[in-house]
Amino acid sequence: MTEKLGILGRKVGMTRIFANDGSAVAVTVIEAGPCPVIQKKDAATDGYNAVQIAFGEAKEKHVTKAMRGHFAKADRGLFRNTCEIRLAEAPELEVGQDITAEIFAAGEKVRVTGTTIGKGFQGVMKRWNFAGMPASHGHEKVHRSPGSIGHATFPGKVFKGKKMPGHMGNVRQTTSNLEVVAVRADENLILVKGAVPGPKNGLVLVRKQ
Amino acid sequence: MTIIEKIEREQLRMDIPEFNAGDTVKVHMRIIEGEKERIQVFQGAVIRISKGTTNATFTVRKISDGVGVERVFPMHSPSIERVEVVQEGRVRRSRLYYLRNLKGKAARIKPKNRW
């Protein structure tokens with residue numbers, strides 16, 4: 001756990017921009033914040049330090065009565081997403097205060113967390129990069145199969161953790177060491193070098209590291 | 001206008017002249033060698049223009065010491081100092097890959113008739 005401040009955002013998409021030396025840089029555009037602080041937690045009352053932040057405006061009909069009461073304490077309207085960020089030290093933020101994209105600066109390294117694109121039930125070639133079987137030389141109906149999955153009487157079982165077909169994607173994933181190329185605070189945009197997990201319009205958490 | 005379009009539009013260069021496949025162009029490239037910066041000129045025929053915003057490129061082909069040389073330039077790269085159109089050519093397609101199979105006199109492009 002990094003225990004450093006972060007911000008919730010929406011992945012807008014990817015593009016490329018030119019650096020000053022003429023090289024083209026692939027960037028992901030993230031619409032980050034502004035995220036109001038909904039709740040503060042500190043070591044004295046809760047046992048640990050954290051802030052709860054919210055992102056994405058929601059209509060009243062989409063928010064449960066319990067959450068409506070919780071949001072009313074911050075008095076900043078209703079939101080779709082909330083997220084708790086654990087911090088090493090007690091935060092200097094007040095409830096209701098905005099966290100904006102300005103907390104990041106160009107050149108800084110960040111880690112971005114998102115939910116990867118769901119691929120459904122996939123075979124071993126796509127899921128684990130197995131090589132499969134040859135296309136010809138007598139091979140029939142086994143071109144994408146995993147081959148042998150174990151030995152014989154000894155050990156007499158398939159080992160735990162054996163790479164097999166199954167569900168792929170739609171898991172929470174974090175990419176570290178992504179460089180911030182530019183911050184556009186007036187438009188609430190962060191441009192991060194390289195790819196980040198998740199589909200377009202997916203919810204991402206950008207944290208300092 | 002979407003956010004991505006807006007970011008890409010800011011990157012575009014409006015000072016590059018319009019040219020087509022078949023035109024002879026001089027591309028002035030900024031080359032950085034260690035500390036020094038100098039301009040290198042690449043002159044040849046445009047054999048392909050690939051459309052796009054920041055992804056747009058064009059390919060220039062020339063014959064250097066009897067060897068065909070092709071170079072792909074990003075249309076909106078800040079490394080391009082300027083592009084000069086030397087001569088407009090009369091061609092009947094947009095991708096002139098057939099020039100790769102031709103040599104000498106046959107590989108010439110006729111200039112465009114401007115009445």
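Is Arg100(B) buried, partly exposed or exposed? At 43% relative accessibility, Arg100(B) counts as partly exposed; buried means under 20% relative accessible area, exposed over 50%, and partly exposed in between (1.4 Å probe, protein chains only).

This is a predicted model: local features need pLDDT of at least 70, side-chain atom pairs count only at pLDDT 80 or more, and totals for chains, interfaces and linings use all residues. Residues are numbered from 1 along each chain as its sequence is written, chains are lettered from A and ligands numbered from 1 in the order in which they are written, and side-chain values use heavy atoms, with hydrogens and water left out.

**View 1. The open sheet of chain B.** Five strands of chain B line up in the order 4-3-2-1-5, with antiparallel pairing. Strands are DSSP runs (E, at least two residues), numbered from the N terminus; two of them pair if DSSP finds at least two bridges between them. Strand 4 (67-74) and strand 5 (80-87) of chain B are at the edges, each with a single partner strand, so one side of each has no neighbour in the sheet. On average, neighbouring strands of this sheet are turned by 40° against each other, direction ignored. The axes behind this angle are lines fitted to C-alpha atoms.

**View 2. Strands 3 and 4 of chain B.** Strand 3 (residues 57-64) and strand 4 of chain B run antiparallel and are joined by eight bridges. Phe58(B) has Phe73(B), in strand 4 of chain B, as its bridge partner.

**View 3. Glu70(B) and its two arginines.** Glu70(B) forms a salt bridge with Arg61(B), the closest N and O atoms being 3.0 Å apart. A salt bridge is a side-chain nitrogen of Lys or Arg within 4 Å of a carboxyl oxygen of Asp or Glu. Arg61(B) is buried at 15% relative accessibility. Glu70(B) is partly exposed at 31%. Glu70(B) also forms a salt bridge with Arg100(B), at 2.8 Å between the closest N and O atoms. This pair links distant parts of the chain, 30 residues apart: Glu70(B) is in strand 4 of chain B, Arg100(B) in the segment after strand 5 of chain B.

**View 4. A salt-bridge network with residues from chains A and B.** Salt bridges link Arg184(A), Glu187(A), Lys6(B) and Glu10(B) in a network. Within chain A, the side chains of Arg184(A) and Glu187(A) meet at 3.6 Å, N to O. Arg184(A) is buried, at 15% relative accessible area; Glu187(A) is partly exposed, at 24%. Over all chains, the structure holds 15 salt bridges.

Methods: Helices (H or I, at least four residues) and strands (E, at least two) are DSSP runs, numbered from the N terminus. Axes are lines fitted to C-alpha atoms, for helices over the stretch in contact, and angles run from 0 to 180 degrees between N-to-C directions.
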